[in-house]
Amino acid sequence: MFSSQQKEAIYQVIKKRRDIRSFLRDSIPIETLYRILGAAHYAPSVGFMQPWNFIIISSDEVKKQLAWAADKERRALSIHYEDDSNRAETFLSLKVEGLIDAPYTICVTCDPTRGGSHVLGRNSIQETDIMSTACAIQNMMLAACAEGLATGWVSFYKKNDIRDILAIPPHIEPVALLSIGYTEHYPTKPILETANWEKRRNINTVIFYEKWGKHPTT
């Protein structure tokens, strides 16, 4: 189906993609942005419900409001690390300015009513609507990386703050704020790994066989 070079390119994009917080203000061609959104729209979804919507934000005023909402929640969450000064300092150093600097921020939402009350494959596991939306977000991030762009996923905010700022109906879930733009700094490792917040687990520790906890040697 794909050549060796094409397959290698896919794996390179997966490994190279990073969550970025520092952006240049350089504009992005609108056709590139729509190509990225098109990749998101091609994501798999349970029952083909396609529960996502994408709100494109370029207004400086709106981006400042979103940054305010994220910063407010970041400071509220820092109390969880008050017993660990190093972690508290690291957490508070996480930038939300990317929401302002990046030329675009995309709010990715999930509509749990999309497809009606009986979506094929969703009746038993309701969360598959959010899971499907996450697939669209992953497609966006990989497509942006392939286009030479950086993305930053901001996930700490109060949903009602984002609903108020973006006039989102109360039944719609604002799943992610994803800033997209060019950057001068594209790290070789995840930011939190570089900051010694966490390290990537050995893949052999997260793979089981036949039953939970069963490794090949057990």
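Let's start where helix 1 meets helix 6. Val13, Ile14 and Lys16 in helix 1 touch Leu142, Cys145 and Ala146 in helix 6; contact here means heavy atoms within 4.5 Å. By class, that contact has five nonpolar residues, no polar ones and one charged. Nonpolar covers Ala, Val, Leu, Ile, Met, Phe, Trp, Tyr, Cys and Pro; charged covers Asp, Glu, Lys and Arg; the others, Gly among them, are polar.

A word on the source. This is a predicted model, where local features need pLDDT of at least 70, side-chain atom pairs count only at pLDDT 80 or more, and totals for chains, interfaces and linings use all residues. Residues are numbered from 1 along each chain as its sequence is written, and side-chain values use heavy atoms, with hydrogens and water left out.

Back to the pair. Helix 1 is residues 4–16, and helix 6 is residues 128–146. Helices are DSSP runs (H or I, at least four residues), numbered from the N terminus. The two pack at about 105°, with axes 9 Å apart. Axes are lines fitted to C-alpha atoms over the stretch in contact, and angles run from 0 to 180 degrees between N-to-C directions. Helix 1 and helix 6 are therefore roughly perpendicular. The cut-offs: under 35 degrees is roughly parallel, over 145 roughly antiparallel, 65 to 115 roughly perpendicular, the rest oblique.

Stay in helix 6 for Thr133. Is Thr133 buried or exposed? Thr133 counts as buried, at 0% relative accessibility. Buried means under 20% relative accessible area, exposed over 50%, partly exposed in between (1.4 Å probe, protein chains only). Beyond neighbours within four places in sequence, Thr133 contacts Pro51, Trp52, Val108, Thr109, Cys110 and Val175.

Now helix 3, residues 60–77. Its buried residues are Lys63, Leu66, Ala67, Ala69, Ala70, Asp71, Glu73 and Arg74. Take Glu73. Its relative accessibility is 11%, so Glu73 counts as buried. Setting aside neighbours within four places in sequence, Glu73 contacts Phe156, Tyr157 and Lys158.

What does helix 3 pack on? One partner is helix 7, residues 159–166. Their axes come within 10 Å and cross at roughly 170°. Helix 3 and helix 7 are therefore roughly antiparallel. On the helix 3 side we have Val62, Gln65, Leu66, Trp68, Ala69 and Lys72; on the helix 7 side, Asp161, Ile162, Ile165 and Leu166. That contact splits into seven nonpolar, one polar and two charged residues.
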